Amino acid sequence: MSRSPQAGSDWPGVDLHVVTGKGGTGKSTVAAALALALASRGRNVLLCEVEGRQGIAQMFDVPPLPYEERRIATGLPAAQGERAGTVFALHIDAESALLEYLAMYYKLGRAGRALDRFGVIDFATTIAPGVRDVLLTGKVYEAAKPGRKGGTSSKAGAAYDAIVLDAPPTGRISQFLNVNSELAGLAKVGPIKAQADTVMTLFRSKRTAVHLVTVLEEMPVQETADGIGELRQAGLPVGGVVVNLVRPRDLDDSQLDAIRTGSVDPTTIGATLAKVGVEAEPELVDALLAEAADHAERRALEDGQRTLVAELGVPTYELPRIASGVDLAGLYELAATLKEQGLA
Amino acid sequence: MTKNPPPRVGPLAAGGPAPRPLDVDGLLDDPATEIIVCCGSGGVGKTTTSASLALRAAERGRKVVVLTIDPARRLAQSMGIESLDNTPRPVPGVQGNGSLDAMMLDMKSTFDEVVLSQANPEKAQQILENPFYIALSTSFAGTQEYMAMEKLGQLHASARESGQWDLIVVDTPPSRSALDFLDAPERLSSFLDGRFIRLLLTPARGPARLMSAGFGMMTNALTKILGAGVLQDMQTFVAAFDTLFGGFRARASATYQLLQADGTAFLVIAAPEPDALREAAYFVDRLSDEQMPLAGLVVNRASASPEGRLSAEAALAAAERLDPTEDSLTAGLLRLHADRLRIVARESRLRAGFATAHPTVATAVVPALASDVHDLSGLRTVGALLARAE
């Protein structure tokens, strides 16, 4: 019973989980499921989003999130009597982050407002290169800091056991996390540069892991491979690959083979269906076999891509495609799967 | 007993009005169509759709140029081009009398070209070497949108002039939000007109009235945060760039008007997923607010509706009653059938939701392909599916 909450996790020393993925692979879903999985290990988790889409609010079925940490869910306790952690969420936008940053570090009460009046806030967050990313990652860093001060937190002073960041897509992730190089040539000295350096130290440390979400299709797998290469080149720690939306495995390899080669006897299928009271018109049997043939083709392509994913040489995790879509209950299911497989 | 299975679950059962079908060939064949803009959120197959439409239009006799933003290597190869660049290149293997050129937006060279064409050589050099310009032209999220608009304007002007093309198909950048693309010209203009820029342009010893306490406080604050060097770089950049501002603004607003013109058609691309359709709905609303000509919605990656009158519930119930070892094949077939029906039902529910809220939007539904497109014939297949010619 003295099983440590860390037992079974592949990433025991990591407390900043960055989740990226190509558009359409479900990276936000995976980030949310990972946050729940970590919470079910008794940890208090902060789930951050930085893309202004309010995806967290939609997934957890809560009102749109403000720039303030909000309690949104509780993890499932691992066993009777065990305490589950809580998931908090934070929607980070660059404008609020900049104003907060100015207030916190420079005590720029009036000057901060002057900046706003002269359009500097707007300028800095939409036009000035790199600044936006520095602000977003800087806020994540603040949240990750142990023993941090209140900030915008509604639970001032509390520290989280883990942070999950629903990050920008794979194509932009290295640039986003590599705040140093984005600022290079712009701010060579000064507090912004110092801030970027501190943030980079965390991102490059063993406390951070960047997980990549993919589906078993050519383009996303290729992009995942490219993304891993870029992350490594930037000295950022690559975590695991989460393979999402995996097709059901109702048929085994030999059955798939039989279907591919057309050696399944329709009359046998028809007879079996009749046994359980399904009126087996020939069209129905044909339709079932046609569906299976299509499925077999896609499974073969999936297997090919799975081999490529395995060759990436990082731990992989697989999540099933849920036919009816992912609702809150579905998120908990996915969280349990991730925990079982050791991502959390 | 499931002697008479209930009626099929599928699009027809999902209720709601069936959306008007999108007449893709009508759109492509109409000589009045000069620009087709494909927009939508990331990962919905925007680039593939753009390329397929361009090829189909070319093979139906149009002289087409397709501007892609960030094509996957495979897709570039499918157009017979190892690596697309900033210059339109002819795509080999196009059938019929039309022609197809393809290019990929290179935002830095597009930006550089604009600078070089607008400023005298000395000034241009000064701008190109400014660290602020380098950062702005390579990494600023948003430059891609501005430059896509710039390139579209250039292509359109050169098409008018030379008659080399009569249709431009544009893929849009994978923006954080689809709106960035539309906002680009407006944002550029407001940036250039912004008070901050104006202030940076004010010489250090300008008129006393501008040197308000607020301004002093602001520059002090900025220097404190960024370090003195940055503000200076920024000032140098803005001063050097000042002469180009007028041209930028004029072209940005010309492109915006071009998008509103009758010759332009917007296609919103989506996948049957809640996020993608929500983004599509948002975009459709935004286009109508801005009086941009919307041609329709393309829903990619749709699951094919299965044949056979057996409901998901009946199939699962039957699978439960089968012997798990002896009849595992048949049970597997039934479960697959149920799984597919559920996906189809979910997708049609999502599509019906969109159609109910946007009843006038014509729609094309493209079934999910088993594998990625690798060659022209793959693009041709997608084009035919778009036009429901298969």
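Predicted model: local features only at pLDDT ≥ 70, side-chain atom pairs only at ≥ 80, totals over all residues.
**Exercise 1. Helices H13 and H14 of chain B**

Task: Determine how H13(B) and H14(B) are oriented to each other, and state which residues make their contact.

Solution. 
Step 1. Two packed helices are described by the angle between their axes and the distance between the axes.
Step 2. Helix H13(B) spans residues 312-321 and helix H14(B) spans residues 328-357; they pack at an angle of about 155°, and their axes are 8 Å apart.
Step 3. An angle over 145 degrees counts as roughly antiparallel, and H13(B) and H14(B) are therefore roughly antiparallel to each other.
Step 4. The two helices H13(B) and H14(B) cross in a left-handed sense.
Step 5. On the side of H13(B), the contact is formed by Ala312(B), Ala315(B), Leu316(B), Ala318(B), Ala319(B) and Glu320(B); H14(B) contributes Ala331(B), Leu334(B), Arg335(B), His337(B), Ala338(B), Leu341(B) and Arg342(B).
Step 6. Sorted by class, the contact of H13(B) with H14(B) comprises nine nonpolar, one polar and three charged residues.

**Exercise 2. Helices H4 and H5 of chain B**

Solution. 
Step 1. Helix H4(B), residues 107-118, packs against helix H5(B), residues 121-129, at an angle of about 150°, with axes 8 Å apart.
Step 2. H4(B) and H5(B) are therefore roughly antiparallel to each other.
Step 3. The contact of H4(B) with H5(B) holds five nonpolar residues, no polar residues and one charged residue.

**Exercise 3. Helices H11 and H13 of chain A**

Solution. 
Step 1. The crossing of H11(A) with H13(A) is left-handed.
Step 2. By class, seven nonpolar, one polar and three charged residues take part in the contact of H11(A) with H13(A).

**Exercise 4. Positive phi values**

Task: Locate Leu245(A) and Gln291(B), and decide for each whether it is buried, partly exposed or exposed.

Solution. 
Step 1. Most residues other than glycine have a negative phi.
Step 2. Leu245(A), which is not a glycine, has a positive phi of about 55°.
Step 3. Leu245(A) belongs to strand S7(A), residues 238-246. Its relative accessibility is 37%, so Leu245(A) counts as partly exposed.
Step 4. Gln291(B) likewise has a positive phi, near 55°.
Step 5. Gln291(B) is placed in the loop between helix H12 (274-289) and strand S7 (294-302) of chain B. Because its relative accessibility is 61%, Gln291(B) counts as exposed.

**Exercise 5. The cysteines**

Task: State how many disulfides the structure holds, and examine Cys39(B).

Solution. 
Step 1. A disulfide is a covalent bond between the sulfur atoms of two cysteines. The cut-off applied to the pair of sulfur atoms is 2.5 Å.
Step 2. The cysteine sulfur closest to that of Cys39(B) is in Cys38(B), at 7.5 Å, which is too far for a bond.
Step 3. Over all chains, the structure holds zero disulfides.
Step 4. Cys39(B) is buried, with a relative accessible area of 1%; Cys48(A) is buried too, at 0%.

**Exercise 6. The surroundings of Ser9(A)**

Task: Find where Ser9(A) lies and which residues it touches.

Solution. 
Step 1. Ser9(A) is in the segment before strand S1 (16-21) of chain A.
Step 2. With 13% relative accessibility, Ser9(A) counts as buried.
Step 3. Leaving aside residues up to four places away in sequence, Ser9(A) touches Arg41(A), Gly342(A), Leu343(A) and Ala344(A).
Step 4. Val179(A) is 170 residues from Ser9(A) in sequence, and their C-alpha atoms are 29 Å apart.

**Exercise 7. The two chains in outline**

Task: Summarise the helices, strands and burial of chain A and of chain B.

Solution. 
Step 1. Chain A has 14 helices and eight strands, and 56% of its 344 residues count as buried.
Step 2. Chain B has 15 helices and eight strands, and 54% of its 390 residues count as buried.

Methods:
Residues numbered from 1 in each chain as written. Chains lettered and ligands numbered in written order. Heavy atoms only, no water. Buried < 20%, exposed > 50% of the residue type's maximum accessible area, 1.4 Å probe, protein only. Axes fitted to C-alpha atoms, helices over the stretch in contact; angles between N-to-C directions. Helix = DSSP H or I, 4+ residues; strand = E, 2+ residues; numbered from the N terminus. Parallel < 35°, antiparallel > 145°, perpendicular 65-115°, else oblique. Nonpolar A, V, L, I, M, F, W, Y, C, P; charged D, E, K, R; others polar. Contact = heavy atoms within 4.5 Å. Left-handed = near helix turned anticlockwise from the far one by under 90°.
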